[in-house]
Amino acid sequence: MAFLEINRLHKQYGAVEVLKGVDITIEEGGFLVLVGPSGCGKSTLLNTIAGLEGITSGEICIDGKVVNDLHPSKRDIAMVFQSYALYPSMSVGENIAFGLEMRGVSKADRQKAIEGVAAMLQIEHLLKRRPGQLSGGQRQRVAMGRALVRDPKLFLFDEPLSNLDAKLRVDMRTEIKRLHQKLGTTIVYVTHDQIEAMTLATQIAVLKDGVLQQVGTPDEVYSKPANMFVADFMGSPTMNLIDAKIANGDGTLAVEIPQRDRSLSLPVPQPPSSLQSYSGKSVVLGIRPEDITDLDGADPKAEHIAQAPCSVEVVEPTGADTFVVTQLGGKEVTGRMRNATGLSVGEDVPFAFNMGKIHFFDPATELRIA
Amino acid sequence: MPARLALARATSEVAIEMIERLQTYLPRLVLSPSFVLILLFVYGFIVFTGYLSMSDSRMLPSFGFVGLENFGKLFNLRHWSIALKNLAIFGILYIVICTVIGLGLAILLDMKIRGEGVLRPIYLYPMALSFIVTGTAWKWFLDPGIGLEHVMHLWGWESFSFNWIKSREMAIYTVVIAAVWQSSGFVMAMFLAGLRGIDNEILKAAQIDGASNWQLYRRIVIPMLRPAFLSAFVVLAHLAIKAYDLVIALTNGGPGRATELPATFMYSYSFTRNQMGIGASSAVIMLMMIASIIIPYLYSELREKKS
Amino acid sequence: MSAASKDTALRTGAIARAVIYSVLIVFAVFYLLPLFVMLVNSVKPLDEIRQGNMLAFPQAFTIEPWIQAWGEAQIGVQPTGLKPYFVNSLVMVIPAVAISTFLGAINGYVLTKWQFPGHRIVFGLMLFSCFIPFQIVLIPMARILGLLDLAGTTSGLVLVHVVYGLGFTTLFFRNYYDAFPTELIRAATIDGAGFFRIFRRILLPSSGPIIVVTVIWQFTNVWNDFLFGASFADFDSQPMTVALNNLVSSSTGVKEYNVHFAGAILAALPTLIVYVVSGRYFVRGLMAGAVKG
């Protein structure tokens, strides 16, 4: 049985429906990341799990027990907040032990627990300080210490890294992952950063406008996005989504992309089974930038490379890679080239398309054509 | 035994539920004493006074209903029209002069003045004083026998004359002087806070666009101080309508009734002239004047907060 | 007032700056003049004021007017000086300030962190009560105080000042707690703290500045009040402002200007000291009272 189970969860503020029937489950020891653009309802969802906000209908179970009407302090959860929410008037040690104090744990036991957590997070030297005297990274650690010390059934993280600078964020991400692997606790983690989601999660849930778009492992979400929204949201730079048409030439399917003078036709070597029914109809072709390369840079293991001449419009070197923008089907399309490509703007060069990794979406429903 | 155990469990569950319900209502419970006090002592009293204004009360409250008769009498009283006229003179001058001085001082102080830390508290300290103290100080300082006029005569300016405080026509202007002295520093502080809140990059951009200092203030800075103007106006207007202590201490409404204001009128009609019904109706008029300024202001402020 | 220095690159010439400084100094003199007049004339013999120059320093220095004002001057019918009234004011101010500040803090806490349907209306009603002309409540208040057997007592005045101070104290704390991060309340809720514990352990320890602002504001207002004191107090409870006015405006006998000035300074002293010691908070209170939100 699942450890955390959310069934048909609805949440309304007045007439506004923020969560529209969300179903998610996660096994014990899992790391569930809720991801989506701002306003998608992911933080509200986390708050309802915590019990900080009530729900309109549905059911939330933690470890087999319905907690709908249980006070947050009785759900056996701990939460790390975006602003860290450290009590400004208490020392670091008092901050960490406040939850234990409220539960009537003796002073000696509290002291022992503080020391244990402080050692784990390497913040022993900070225990006497006030939150105001700490750096962002140190506050982050204290906030985690406050959650860890309670040894709860479930950890909730609300965008915990979004207030850190880029380098520290990467370090803390690694640290959270290490802690999770070491302690084996169950975590629900909210972020708007899809890279954080990819690196940390065992399960990703993508939300948009209060509706769950897809739940799956990071690999499933990345390589089999359920719809155009997920395809567009996960990955950076985002997946190229090109208006195209399916052509059926004596049994083999091809995708036709209208270009200025003539349309570009690319073969589809492994068509999804229902693509046949789209013959002669419009589809949206999805292809990630790393699957559009220069000829030499194409994945040597890829079996189906198609070539097509494209006109270079913008060249953006980033160091390791160079992103090249061209036009396909009236849309800007980004490809990821090797560093020293030596392309210049206006040039017409052949691009390599990894046709084994393309996606098709229905332009009306925006769903994946499987 | 099991039955008793079950009963015990049931009672404890009821107890827990009651505690949790209490928790839900606790905040409202905690707020309620204050709210009840306000409802009773502010809004209940407003209703009560409102009723008195339509009653035949004289020396003591009485509940004979006379409709709007008191208001009719009120507006036929010469004392009341003097009070309203004085309020108009006092209110307009007080608001305009305080705003001009306050804005002027704020702009000057904002020009990186050395000694701002000394000057600012000097401009502001009158606000900490009681109007009675202010009234006492100005009463004797403006007294022609010992004050300013006397000093000028001693200094050799024999023809100098400044006896406004003794003059029926001019006494109201001495109230303006003392009130401006007390409040203009406060208005300065409001404008200064507004000036300091203006993004400096906007000023730099305007200078690069070629605005002179004068144009900078007239076209950019002063329009951006709109909220400060509004706040200053509301605060000064409501202080003017409520003005009471200062007049009592400075002129006691005199000479004669020359510096009568609605607040002093209300007090004397209600408590010394045994015309409580008329006194109550004058209080209602005062409330309506203030409400017409404050309610739109509060409404817009609270609405802005919402969005 | 923000301490952030603003680098306005206004170009002002030497003459312009001289004019600016002159204007600023002239106004400083204007604001200081009455205080100067009160001070120098409170240490002059009466003759020197009548014949001499009000703006001149004393030729014969005397503290007799101060002694008179404090302990001997005729106020009303009794030659008690201002001393008993000073005590009356203190006995009234301290509980009035303490109670209204405490209630304001609790109200502000509820109105920001435990919002309930209709909290906006409740706050609006409390806010409007700050601005009413008190004339509208004088008559019923006199009656209620009579009914409660509080007429003419200090307790009655404390009640009045608490009620009509609540709007402002609530406003101050509401605006302060509004900016207090709600995540802290949530964290404490998960940690298991309840309504009062969150207030006492999380909010109150961080409320130092707003408590100072509120206490100063209330202290100044209650100490300086005249209308309620004049309306609802008798000899045992009359505050300093009423006594000063009685002293100055008594129509019998010689006008002892020097005693009046000494008395006026005595009445002004507590609030002036508060202002000098904590002017920053005083100004902040004024601004908070004027600019909402």
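Questions and answers on this predicted model follow, from the chains down to a single residue.

Me: Between which chains are the most contacts found?
Reply: Two pairs of chains touch.

Me: Which helix gives the most to the side of chain C that touches chain B?
Reply: The contact involves 79 residues of chain C and 85 residues of chain B. On the chain C side there are 55 nonpolar, 18 polar and six charged residues. The element that gives the most, with 10 residues, is helix H1 (residues 14-41) of chain C.

Me: From which helix comes the largest share of the side of chain C that touches chain A?
Reply: Here 13 residues from chain C meet 17 residues from chain A. The chain C side divides into seven nonpolar, three polar and three charged residues. Its largest share is seven residues, and they come from helix H8 (residues 182-191) of chain C.

Me: How many helices and strands does chain C have?
Reply: Read from the N terminus on, the elements of chain C run α-α-α-α-α-α-α-α-α-α-α-α-α-α. The C-alpha trace of chain C spans about 75 × 70 × 30 Å along its principal axes. The secondary structure comes to 14 helices and zero strands.

Me: What percentage of the contacts in chain C with a separation of 6 or more is accounted for by residues 24 or more positions apart?
Reply: Chain C has 293 residues, and 49% of them count as buried. For contacts in chain C with a separation of 6 or more, the part from residues 24 or more positions apart is 74%.

Me: Which element gives the most to the side of domain 1 of chain C that touches domain 2 of chain C?
Reply: Chain C is divided into domain 1 (14-62) and domain 2 (83-290), according to the domain assignment, and the centres of the two, taken over C-alpha atoms, are separated by 33 Å. Seven residues of domain 1 of chain C are in contact with seven residues of domain 2 of chain C. On the domain 1 side, the elements that give two or more residues are H1 and helix H2 (46-51) of chain C. The one that gives the most, with three residues, is H1(C).

Me: What distance separates the centres of domain 1 of chain B and domain 2 of chain B?
Reply: The domain assignment of chain B gives domain 1 (1-52) and domain 2 (69-306). Their contact takes four residues from domain 1 of chain B and six residues from domain 2 of chain B. The touching side of domain 1 of chain B has two nonpolar, two polar and no charged residues. Taken over C-alpha atoms, the separation of the centres is 45 Å.

Me: What distance separates the centres of domain 1 of chain A and domain 2 of chain A?
Reply: The assignment for chain A gives domain 1 (4-233) and domain 2 (240-361). Five residues from domain 1 of chain A and five residues from domain 2 of chain A make the contact. On the domain 1 side these are three nonpolar, one polar and one charged residues. The centres, taken over C-alpha atoms, are separated by 39 Å.

Me: Is Pro237(A) buried, exposed or partly exposed?
Reply: Pro237(A) is placed in the loop between helix H8 (228-233) and strand E11 (240-249) of chain A. Leaving out residues up to four places away in sequence, Pro237(A) touches Pro289(A), Phe323(A) and Thr334(A). A residue is buried with 20 or more other C-beta atoms within 10 Å and exposed with 12 or fewer. Pro237(A) has 16 C-beta neighbours inside 10 Å, so it counts as partly exposed.

Me: How are the axes of H3(A) and H4(A) set to each other: parallel, antiparallel, perpendicular or oblique?
Reply: The axes of helix H3 (residues 107-121) of chain A and helix H4 (residues 136-148) of chain A come within 10 Å and cross at roughly 135°. Angles over 145 degrees count as roughly antiparallel and 65 to 115 as roughly perpendicular. The angle therefore makes H3(A), relative to H4(A), oblique.

Me: Which residues of H4(A) make the contact with H3(A)?
Reply: H3(A) passes H4(A) in a right-handed crossing. From H3(A), the contact is made by Val117(A), Ala118(A), Met120(A) and Leu121(A). By class, the contact has six nonpolar, one polar and one charged residues. The residues from H4(A) are Arg141(A), Met144(A), Gly145(A) and Leu148(A).

Note on methods:
Residues are numbered from 1 along each chain as its sequence is written. Chains are lettered from A and ligands numbered from 1 in the order in which they are written. This is a predicted model: local features need pLDDT of at least 70, side-chain atom pairs count only at pLDDT 80 or more; totals for chains, interfaces and linings use all residues. Axes are lines fitted to C-alpha atoms, for helices over the stretch in contact, and angles run from 0 to 180 degrees between N-to-C directions. Helices (H or I, at least four residues) and strands (E, at least two) are DSSP runs, numbered from the N terminus. Angles under 35 degrees count as roughly parallel, over 145 as roughly antiparallel, 65 to 115 as roughly perpendicular and the rest as oblique. A crossing is left-handed if the near helix is turned anticlockwise from the far one by less than a right angle, and right-handed if clockwise. Ala, Val, Leu, Ile, Met, Phe, Trp, Tyr, Cys and Pro count as nonpolar, Asp, Glu, Lys and Arg as charged, and the others, Gly among them, as polar. Domain bounds come from an automatic or database domain assignment.
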